[in-house]
Amino acid sequence: MTPSPDAAGPRQIGDTAYYIVAILVGAVTGVIGTLLHLGVDTLLHWPKALHRVIDDLVDVSVPQAILIAGGAAALAVVLSVWITRTFAPEAGGSGVQEIEGAMEGRREVRWRRVLPVKFCGGLLALGSGLVVGREGPTIHMGASVAQAASETLGLPVRETRGLLAAGAAAGLAAAFSAPLASILFVIEETRRQFPYCLRTYTAVMLASVTSGIVTEELTGRRPFMFVSVPELPLAALPAFVGLGIVLGIVGVGFNRSLVWSMDRALAFGRRTSFYIIPAVVGFVVGILLIVLPFATMGGEQLAVSLMSENLPLAMMALAVFIRFIMTMASYATGVPGGIFAPILALATAIGLLYGLVLDAALPYLLPAGALPSGALPALAVAAMGGLFSATVRAPLVGVVLIAELTGDYNAFVPAIVTCLFANLVADRLGGRPIYEVLLERTLRLAGEAPPVPPASERRQIGGWDQR
C-alpha cells in the first residue's frame, strides 16, 4: 500500500528527476500496452485458423467445428479466471477502481503480481473473444509500472499517487492512442483523489504523451477507429439532444445491470464453482465467433464496420440486445478486461438504431421530414461519447476521446450536445460513475476497508481543493 504521509524515509527528488521518471513510466507502459494490443490482434485470428484446419479434415462436420470453437474459447476464459483468482484476484475486471482506491490509500497496487496476471489473463480473455476491452489491463499495468518506480525510488505519498495517475493515463493512451483524452480522464475521473499541483499534473501529461508516441511508433499513426462524418446543418442538433436523453437512460441501466450481473455471478460461484459461469460464457462466445461474430470481442473495429454495413433496423436492434447481454456476461466472469471498448461498440449500435427509428418516424411527424445525409454515422459517433458520459460520468473525456479515436471533428459539436444531455439525464436519474460504484463494491467485498483518511489529510494530498 502507498506509504502514509508520515512514513519514515521518503525520498524527495527534484522536478526534473520526477519528470524523467514519468517519461520512463509512459515509455514502458506504451511498450507493454502495445505488446498486449498486438498479441490480442494475433490471437483473435484463431477462428479463421480453425476454419482452415477443419477444411483439411473432411470428417469434421460444421456442428462439430462450432463445438470445437466453443470448447477452445471456454478453455481460454477458464484459464484466465484461474490465473487471476490464484495469483492476483484484484486483477479481475477493470483496473480503474483499483487505482482510484490506491490513490485514496484504501487499496494496494501489488505490481509484482498484477503486471504478469493482468497481461497473461488479459491476453487469454481478450483473445478468446469475450466482450471486454483492452484498456482495463493497460490502465492497471500502467499504474503497476508507476508503483514499481515509486517503490524503487522510495517516493513520498503525494508523488506516488501522482505517478499512479500518470501510469494509468499512459495505459489508456496505449490502449486507444488517445493521449489528450487520457490526460482529461485523470482530471474528470480522479478529481477526488488526484493530488493536483504543477508537478503531478505535468507528470501525467508527460507519461500520456510518451506512451502515445511509443504506441504510434509501434503501430502507426492512423486513428484507432478512423471514420469520416460529413458536416451536418445546425437544424439537425435536436436529434442529438434526443439521443443524449436516450443514452442517459441507457447509461444508468447499463451501470446497474453490470453490478447486478457481477453480484449474481459471485453468488452463484460461492454456491457452486467460480469456473462454471466463465466456462459457459466462454463456450457461448466461441460459438458466436463462428455464427455471429458481431456479438463478440471488445468491439473497437465492430463500431467502425457497423457504420458502413447499412444493417436493417431489425438486425441493428438484435446487435444492441446481444451486445448488451454479452457485455454483462463477459464482465461478470471476472477476467481482466475493461468496459470502455464494449461501451463504444454498444453505443455505436444504439446510435445507428436510434437514427434508423428516427428516420422512419420523421415522415409521419413532419411534412417531408427526413434525416440529412450523413446523419447516421454522426449519430453513431456522438453516441459513443454519450454512453461513455452517462456511464463513466466524464463528458469532457467522452467528447475528446471520440475525436481522437475517430480522427473526425465534423461531429464535434453534435457530440458535445449528446454528451451534455446524456450526463444531465444520468445525473437526474440518480446514476453514479461506474468506477465509483465498482470501488465501493470492491471495498465492501474486501470486508472492513481501511479507514478513510481524515479530512485534513485528504485536503493535503488531493482533490479539487488542492492549490
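In which loop is the place of Arg393? Select Arg393 in this predicted model: the residue sits in the loop between helix H15 (375-392) and helix H16 (395-406). Its phi is positive, at about 65°, although Arg393 is not a glycine. With a relative accessibility of 12%, Arg393 counts as buried, because buried means under 20%.

Next, select Ser177, in the loop between helix H7 (157-176) and helix H8 (179-189). Here too the residue is not a glycine, yet the phi of Ser177 is positive, near 55°. Ser177 is buried, with a relative accessible area of 16%.

Proceed to helix H6, residues 135-153. Of its 19 residues, 16 are buried, so H6 is largely enclosed by the rest of the structure. Gly154 follows H6 and has a positive phi, near 65°.

Now display helix H14, residues 340-365. Its 26 residues should span 38 Å at 1.5 Å a residue; the end C-alpha atoms of H14 lie 35 Å apart, which agrees. Within H14, select Asp359 to find a kink of about 25°.

Finally, turn to the surface and select Met315, Leu318, Phe321 and Ile325, which form a nonpolar patch. Together these residues have about 350 Å² of accessible area. Met315 belongs to helix H13 (residues 313-332), and Met315 is partly exposed, with a relative accessible area of 32%. In an α-helix there are 3.6 residues a turn, so residues three or four places apart point the same way.

How values were computed
Residues are numbered from 1 along each chain as its sequence is written. This is a predicted model: local features need pLDDT of at least 70, side-chain atom pairs count only at pLDDT 80 or more; totals for chains, interfaces and linings use all residues. Side-chain values use heavy atoms; hydrogens and water are left out. Patches are made of residues with over 30% relative accessible area and no salt bridge: like charges are joined within 9 Å, nonpolar side chains (Val, Leu, Ile, Met, Phe, Trp, Tyr) within 5 Å. Accessible areas come from the Shrake-Rupley method with a 1.4 Å probe; for residues, only the protein chains shown count as cover. A salt bridge is a side-chain nitrogen of Lys or Arg within 4 Å of a carboxyl oxygen of Asp or Glu. Helices (H or I, at least four residues) and strands (E, at least two) are DSSP runs, numbered from the N terminus. Buried means under 20% relative accessible area, exposed over 50%, partly exposed in between (1.4 Å probe, protein chains only). The expected span of a helix is 1.5 Å times one less than its number of residues. The bend at a residue is the angle between axes fitted to the seven residues ending there and the seven starting there.
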